[in-house]
Amino acid sequence: MRDAHRLKQTSGDPGKGTVYAAWECFVQGEDDVRGVRPEVAISWHRCREQYRVDPHLTEAPVAVVEREYTPEHDVVFAELGFRAAFIAHEVSNLGGIVTVTDATGRILAEWGDQATRAIAAESNLAPWYSWSERAAGTNGMGTALEEHHPVQIRGAEHWCQAFHNWACAGVAVRDVVTKEPIAVLNISSWRNPLPASASGWLANAVTKTQCTLRRRARDSGAELVAAYNQARTRSGAALTAVDAAGKVVIADDRASVLLGVPASTPAVDPTLRWNPGLPELIEAARYASKQAARNPDWVGSTQIFTHLADEPIPISIRPAFFSGRLIGNLVSFGASGGEQLPRTEEDAHSRTQPRRVVAMRDNRMVLLRLPEVSFAESEGNDVWLSTDQGRLRAASPGLDKLDGELAAAGFLRVHRRYVVNLSRIREIERRRKGELVLVMDDQTDEVVPVSRRNAPAVRRALGF
């Protein structure tokens, strides 16, 4: 029975020469990546343009970033360690190794074939070294931190030439609330193909691990509702409870109107919580969560725009804890007190501004200047860009991510399916029932709908 479940090897990579030729051209500054898988081409672009990793790097650097671990992190590390040790024997028989990293790409532990581990040590493929893309370029661990699905990086697909003899597969475990990575589980092989079932096994291991995180998130949601109910007895202000990602778990009657969500309806399951569509509230919740991790007594205040309001309203935000663990934030409207949060406009301008939007045309990567993009539209899991070069698929895996990248560069979310370039709006039309539509300045005069909840933000952005 044991042999029936033994991992089998795949055949060699038939496109190795093509990929290496593309790699040689790309590291020399060309943008033609024909024959290279889109996720690899996008990773190469990050390594060259954003992280500026030396393609001739021969070893990964020592991890220097200190990370504060939460109880969720400890749960994930324990789960992945158990599953990595379970598969290590099978992988070892094929000359492979298994690694677990934290969210910074720092390897925490390693299992597998001793001879391969000795070879790996020459490149610092070992505990306490960093394998994020920023540190070591395209690789299974670092690229998995950037993607939301299992990845395989084979041979010349690695950004650093010294790693071209490796094949690896990795997948990240992500926080079910914030979607931020917590850890990566990875399999690596030296001069041999990966096991055929590597990606499937990794995905299965992560699914089981995230089931545990979902149960903990539901429990946290229930405790946050209890904290909200207790706070309501002490205050008459409009009140809502939001999780660490800024999604609404419960809101009273007055807060629900401001947020555009159902009133007094608990949403403890993280997959059922409401997104209020208020970037300033989401930024405030994320900032509060970070401050609370350093100081449990922290309380902050700021002003945000809400739905159906033309003027900002003050809010007070107080982190909520259960058994010493942060479970979310309680937000009171019309109240102030505590530390003033940094202005979101200043935060946005302090970030690195994107210079290009990366899109794909067949197997070729297209680097678009921001003024070339009229708007972005989501269709299922894909994001399509309306551009001066036609309709192209965006490299970003979701509209939320693209919205976050472009929010400080003159783009605005106007609908759950649309993000528009404000400078490319030519006309604004009000329909019979009062809804707004935007006529874009592009080749086909495309029309983009504006949702009612986003209409006040559009009017403010356009000054009418």
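These legends describe several views of one predicted protein model.

Residues are numbered from 1 along each chain as its sequence is written, and side-chain values use heavy atoms, with hydrogens and water left out. Because the model is predicted, local features need pLDDT of at least 70 and side-chain atom pairs count only at pLDDT 80 or more, while totals for chains, interfaces and linings use all residues.

**View 1. The whole protein chain.**
The protein chain holds 12 helices and 21 strands. These are DSSP runs numbered from the N terminus: helices are H or I with at least four residues, and strands are E with at least two. The C-alpha atoms fill a box of roughly 65 × 55 × 40 Å along the principal axes. Of the contacts with a separation of 6 or more, 57% join residues 24 or more positions apart. Contact means heavy atoms within 4.5 Å.

The accessible surface comes to about 21,800 Å², and 49% of it belongs to carbon and sulfur atoms. The areas come from the Shrake-Rupley method with a 1.4 Å probe; for residues, only the protein chains shown count as cover. Buried residues make up 50% of the 464. Buried means under 20% relative accessible area, exposed means over 50%, and partly exposed lies in between (1.4 Å probe, protein chains only). There are 56 positive and 57 negative side chains. Lys and Arg count as positive, Asp and Glu as negative; His and the chain ends are not counted. The centres of the two sets lie 4 Å apart, with each charge placed at NZ of Lys, CZ of Arg, CG of Asp or CD of Glu.

**View 2. The largest nonpolar core.**
A nonpolar core is a set of buried Ala, Val, Leu, Ile, Met, Phe, Trp, Tyr and Cys residues joined through side-chain atoms within 4.5 Å. The largest one has 38 residues. Val33, Val36, Trp44, Leu125, Trp131, Trp159 and Met365 touch the most other members. Elements that give two or more residues include helix H1 (16-27), helix H6 (140-146), strand S3 (151-154) and strand S12 (356-361). H2 gives the most, with five residues. A second, separate core has 27 residues, among them Val176, Ala183, Trp201 and Ala217.

**View 3. Around Trp159, Trp23 and Thr138.**
Beyond four places in sequence, the contacts of Trp159 include Trp23, Trp44, Cys47 and Thr138. Trp23 sits in helix H1. Trp23 is buried, because its relative accessibility is 2%. With neighbours within four places left aside, Trp23 contacts Trp44, Pro55, His56, Ala156, His158, Trp159, Gln161 and His164. Thr138 lies in the loop between H5 and H6. Thr138 is buried, with a relative accessible area of 0%. Its C-alpha atom is 7.4 Å from that of Cys160, 22 residues apart along the chain. Residues that Thr138 touches include Ser43, Trp44, Cys47 and Trp159.

**View 4. Phe333 in strand S10.**
Phe333 is found in strand S10 (residues 325-333). At 4% relative accessibility, Phe333 counts as buried. Leaving aside neighbours within four places, its contacts include Ala237, Ala238, Leu258, Leu259, Ile304 and Ile315. Arg234 is 99 residues away in sequence and 14 Å away in space, C-alpha to C-alpha.

**View 5. Asp403 in helix H11.**
Asp403 lies in helix H11 (residues 399-406). Asp403 is buried, with a relative accessible area of 16%. Not counting residues up to four places away in sequence, Asp403 touches Arg413 and Val419.

**View 6. Three loop residues.**
Thr271 is in the loop between helix H8 (253-259) and helix H9 (279-294). Thr271 is exposed, with a relative accessible area of 60%. The C-alpha atoms of Thr271 and Arg218 are separated by 9.5 Å. Trp128 is in the loop between helix H4 (114-122) and helix H5 (133-136). Its phi is near 80°, a positive value in a residue other than glycine. Lys179, between S4 and strand S5 (181-190), has a positive phi near 70°. Lys179 is partly exposed, at 44% relative accessible area.
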